[in-house]
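User: I'm new to reading protein structures. Could you walk me through this one with some questions and answers?

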Amino acid sequence: MRKGIFLVGLLLFAVNAYSQLGKGSITPSLYYTGGKYSNTMSSSGVDAFALLGLNSGDYIIGGFSTMNIDSSTWSYGQTTFVLGAIGNYYPFYFKANYGFVKGTYNRKDVVYSYDDNTNIFNASVMYNWDLIYFSFYGTIVNTVGYKNVQSLQTGLRANWLLTPTTSLSIDPLYSQVSDERKLFSLGGQITTRPFSSLMFQTSGFIGERAYYFNPELLTIYNQDETQTLLWGARVEYSIWGPITLVGSYQSTKFSGYSITYSTIGIKGLITF
């Protein structure tokens, strides 16, 4: 029932937003990510998103991704769907996201497999005060499969526009997992644009979190192990008008192993 109400709300928002289409934009993007694990495993994945911007300042976003992890004795395939909307009621902004993740585990040496099904519900409210954006958000991650688990995440975010080209954000997060883990982390991000065509970004967190859903990137770290550290960098370069190349690198640690992710991608911009 909760899932149905959430989706109906997003659909009604989309219908209302579509009626406002007088002038807007579509930003499609495509990414490839390769992952290397400290325990010799590897992963690969493809992500595709489309962001619809409306003349009212509202946004609708949809995304689809696939990811595969391979080891010598087993494999794990995962498919993710996301849908989100942002409503502009300046100085307030309201955002809602829904995601569904389906994973399939297969043994290579014996006949054994199982499925994981994860529903993600995320909502936030943001307030703009003199070029400082304050956000409060909450996320519910509910997984049914090999391990039935629920993660409740509550976070605050403050984003300061330090200069016309540089911003800083601070993001404390509290997570409570149904297996009695209570976790706290502190994240941060610095973004700068030395030129209009070039963007640098560095981000990370310290502390502990689990089943973390990133409401900005619409991605989830749904490993069961506790995530203890992350740092990364991202570069975007506009090579021609509406075409932007993207590259990023992340290094993250979980209890028992670590992973490095490398991503390349491309973004476009279509106005109407």
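User: Which residues touch the most other members of the largest nonpolar core?

Analyst: Keep in mind that this is a predicted model. The largest nonpolar core has 17 residues. Those that touch the most other members are Y37, I69, W74, Y221 and I259.

User: Which element gives the largest share of this core?

Analyst: Two elements give two or more residues to this core: β4, residues 74-89, and β16, residues 257-267. The largest share is three residues, and the strand that gives them is β16.

User: Let's zoom in on I259. Which residues does I259 touch, not counting residues up to four places away in sequence?

Analyst: I259 belongs to the group that touches the most other core members. Its contacts beyond the sequence neighbours are K36, Y37, Q223, Q250, S251, T252 and F254.

User: How many residues are in the other core that lies apart from this one?

Analyst: Among the members of that other core are Y31, F49, V82 and I120. As a general rule, in soluble globular proteins nonpolar side chains tend to be buried together. The size of this other core is 15 residues.

User: Now on to Y76. Is Y76 buried or exposed?

Analyst: Y76 is found in strand β4. Buried means under 20% relative accessible area. Y76 has 13% relative accessibility, so it counts as buried.

User: What is the length of the polar contact between the side chains of Y76 and D116?

Analyst: Leaving aside neighbours within four places in sequence, Y76 is in contact with M67, N68, I69, G103, T104, Y105 and D116. With D116, there's a polar contact between the side chains, and its length is 2.9 Å.

User: What distance separates the C-alpha atoms of Y76 and R107?

Analyst: Along the chain, Y76 and R107 are 31 residues apart. In the model, their C-alpha atoms are separated by 8.9 Å.

User: What about T166: which residue's side chain does it join in a polar contact of 3.1 Å?

Analyst: T166 sits in strand β9, residues 166-177, and it is buried because its relative accessible area is 19%, with the cut-off at under 20%. Leaving aside neighbours within four places in sequence, T166 is in contact with W160, L161, I190, T191 and T192. The polar contact of 3.1 Å is with the side chain of T192.

User: Over how many bridges do β9 and β10 pair?

Analyst: Strand β10 covers residues 182-195. β9 and β10 form a hairpin with four residues between them, and E180 in the turn has a positive phi of about 80 degrees. One of the bridges links S175 to L183 in β10. The two strands pair in the antiparallel sense, and the number of bridges is eleven.

User: And how many residues lie between β10 and β11 in their hairpin?

Analyst: β10 and β11, residues 198-209, pair in the antiparallel sense over nine bridges. Here L186 has I206 in β11 as its bridge partner. The number of residues between these two strands is two.

User: Last one: how far is R209 from the ring centre of Y212?

Analyst: The charged end of R209 sits over the ring of F205, 3.8 Å from its centre. R209 also lies over the face of Y212, where the distance to the ring centre is 3.9 Å.

Terms used. Residues numbered from 1 in each chain as written. Predicted model: local features only at pLDDT ≥ 70, side-chain atom pairs only at ≥ 80, totals over all residues. Heavy atoms only, no water. Core = buried A, V, L, I, M, F, W, Y, C linked by side-chain atoms within 4.5 Å. Buried < 20%, exposed > 50% of the residue type's maximum accessible area, 1.4 Å probe, protein only. Contact = heavy atoms within 4.5 Å. Polar contact = N/O pair within 3.5 Å; in protein donor to acceptor, adjacent residues only side chain to side chain. Lys NZ or Arg CZ within 6 Å of the ring centre and 35° of its normal. Pairing = 2+ DSSP bridges.
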